Amino acid sequence: MRLWEAQVLSGNDYHFTTLYLFNIAYAQYAEELKLMSEQLSNRFSDYKNMEDCFKLFTTSTKSNVQYPPTHLQMELTKIQENSLLTSKFEDVKFTSSNLDFVRFLQKIPRKRPFSAA
């Protein structure tokens, strides 16, 4: 959208043949494109805020263990130091059709470190 906005502002009608044919003022549409771009950014701002979390799960074998939430830091360290876990993690492909790894993680019983027994 930013490309289109820049082209409309500069009067480049290559992608806008209808605007060219009807001799329509480009500036009006530049504002519309800018507004649409801002709305799109706002709509996906939650995903931008979760970018670090996504990176943690897609590149956990290479992530810095200081940045994830505290309750995940030791688990991340264990994965990174265990070559078998690292290779298993890297073999799993994250796709919408392959959620085996996520299901596997959900089956693992969670233990709290240093819990009072």
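From the N terminus on, the elements of the chain run α-α-α-α-α-α-α-α. This is a predicted model, in which local features need pLDDT of at least 70, side-chain atom pairs count only at pLDDT 80 or more, and totals for chains, interfaces and linings use all residues. Residues are numbered from 1 along each chain as its sequence is written, and side-chain values use heavy atoms, with hydrogens and water left out.

Visitor: How many helices and strands does the chain have?

Guide: Helices (H or I, at least four residues) and strands (E, at least two) are DSSP runs, numbered from the N terminus. By that count the secondary structure comes to 8 helices and 0 strands.

Visitor: What share of the residues of the chain count as buried?

Guide: Buried means under 20% relative accessible area, exposed over 50%, and partly exposed in between (1.4 Å probe, protein chains only). Of the 117 residues of the chain, the buried share is 15%.

Visitor: Are α1 and α3 roughly parallel or roughly antiparallel?

Guide: Axes are lines fitted to C-alpha atoms, for helices over the stretch in contact, and angles run from 0 to 180 degrees between N-to-C directions. α1 and α3 pack with their axes 8 Å apart, at an angle of about 160°. Angles under 35 degrees count as roughly parallel, over 145 as roughly antiparallel, 65 to 115 as roughly perpendicular and the rest as oblique. The angle therefore makes α1 and α3 roughly antiparallel.

Visitor: How far apart in space are Glu32 and Glu5?

Guide: Glu32 lies in helix α3 and is partly exposed, with a relative accessible area of 44%. Glu32 and Glu5 are 27 residues apart in sequence, while their C-alpha to C-alpha distance is 8.6 Å.

Visitor: Which residue forms a salt bridge with Lys78?

Guide: Side chains of opposite charge can pair when their charged atoms come close. A salt bridge is a side-chain nitrogen of Lys or Arg within 4 Å of a carboxyl oxygen of Asp or Glu, and the structure holds 1. The closest N and O atoms are 3.9 Å apart, and the partner of Lys78 is Glu75.

Visitor: Why are Lys78 and Glu75 separated by about one helical turn?

Guide: Lys78 is partly exposed at 48% relative accessibility, and Glu75 is partly exposed at 41%. Both sit in helix α6 (residues 70-81), and their separation is about one helical turn because they are 3 residues apart.
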